[in-house]
Amino acid sequence: SSPALTDVTFANNTAGTIGGGMQNYSGNPTLTNITFSGNSAQSGGGMANYVSSHAILTNVTFSGNQAVNGGAIFNFSDISLQLTNVTMYQNTADSAGGAIFSWQNGSITTMTNSIVWGNQPTDSQIHNDAGSNTNITYSDIQGGYTGTGNIDSDPLLGSLADNGGFTKTHALMMGSPVIDTLEPATCPATDQRGVTRPIDGDGDGEARCDMGAYEADEIMLL
């Protein structure tokens, strides 16, 4: 199956085993402007990708999801996962991978322009095991992560709220270091709310895109 979902919220769902919000088994979903919040499962509180799934996520928020492994996302066996302008905030894993847990047979996650912050345990927000790998560029990763353009600085996110659009988001607060950090050509045309990117969020006269699913649409002087 290859579902294409836009402007959808998965909230407060529970699975006994994998994929509290969504389970993809040998599927190829394309998700745009989505929020996963308050979902839980044994593996993959928000989403589980299982056995040769190839998922593409753009402008997606994972907030407050919980699992034993992979609070937000769990990948198992030959997974190709592409994350662009994704925000992963305050998700929890009892064991490992508060944000992402990837396991077995060369599962590869490619992340760009994203935020991974405040997920528990903080020393295992992104966990790769048994030949899996996560490649990250131009993202804000708590604790740091090797990759071009990555930073390690509190993104100053607001609470999950209705900030416009169809799905809830974490707004960027004044002084956020992720504002105006990207080249316009590297980000989607809009943010999760449908706000046009890029916007000059720091008032320097040059519009650049922000990391994460939310584009600051007012001048947020740094």
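Modeller: What follows is a short exchange about strands, a disulfide, one asparagine and the nonpolar cores.

Biologist: What kind of model is this, and how are residues numbered?

Modeller: This is a predicted model, in which local features need pLDDT of at least 70, side-chain atom pairs count only at pLDDT 80 or more, and totals for chains, interfaces and linings use all residues. Residues are numbered from 1 along each chain as its sequence is written, and side-chain values use heavy atoms, with hydrogens and water left out.

Biologist: Which strand does β4 pair with, and do the two run parallel or antiparallel?

Modeller: Strand β4 (residues 40-43) is joined by three bridges to β7 (residues 66-69), and the two run parallel. Strands are DSSP runs of E of at least two residues, numbered from the N terminus, and two strands pair if DSSP finds at least two bridges between them. S40 stands opposite Q66 in β7.

Biologist: And which strand do three bridges join to β7, besides that one?

Modeller: Strand β10 (residues 92-96) is joined to β7 by three bridges, again in parallel. There, N69 is opposite A96.

Biologist: New topic: how many disulfides does a search of the whole structure find?

Modeller: The search finds one disulfide, meaning a pair of cysteine sulfur atoms within 2.5 Å. This disulfide links C187 with C209, at an S to S distance of 1.9 Å. Both cysteines lie in the segment after β18 (169-172), so the pair ties together parts that are 22 residues apart in sequence.

Biologist: Are C187 and C209 buried or exposed?

Modeller: C187 and C209 are both buried; buried means under 20% relative accessible area, exposed over 50%, and partly exposed in between, with a 1.4 Å probe and protein chains only.

Biologist: Where is N65 placed?

Modeller: N65 is in the loop between β6 (54-63) and β7. This asparagine is buried, with a relative accessible area of 1%. A polar atom of its side chain lies 3.0 Å from the backbone nitrogen of N39.

Biologist: Last one: which residues touch the most other members of the largest nonpolar core?

Modeller: In that core of 24 residues, they are F36, L57, F62, I73 and M88. A nonpolar core is a set of buried Ala, Val, Leu, Ile, Met, Phe, Trp, Tyr and Cys residues joined through side-chain atoms within 4.5 Å. β3 (30-37), β6 and β9 (80-89) each supply at least two of its residues. Apart from it lies another core, of 14 residues, including Y89 and Y214.

Terms used: Helices (H or I, at least four residues) and strands (E, at least two) are DSSP runs, numbered from the N terminus. A polar contact is a pair of N or O atoms within 3.5 Å; within protein, one must be able to donate a hydrogen and the other to accept it, and residues adjacent in sequence count only if both atoms are side-chain atoms.
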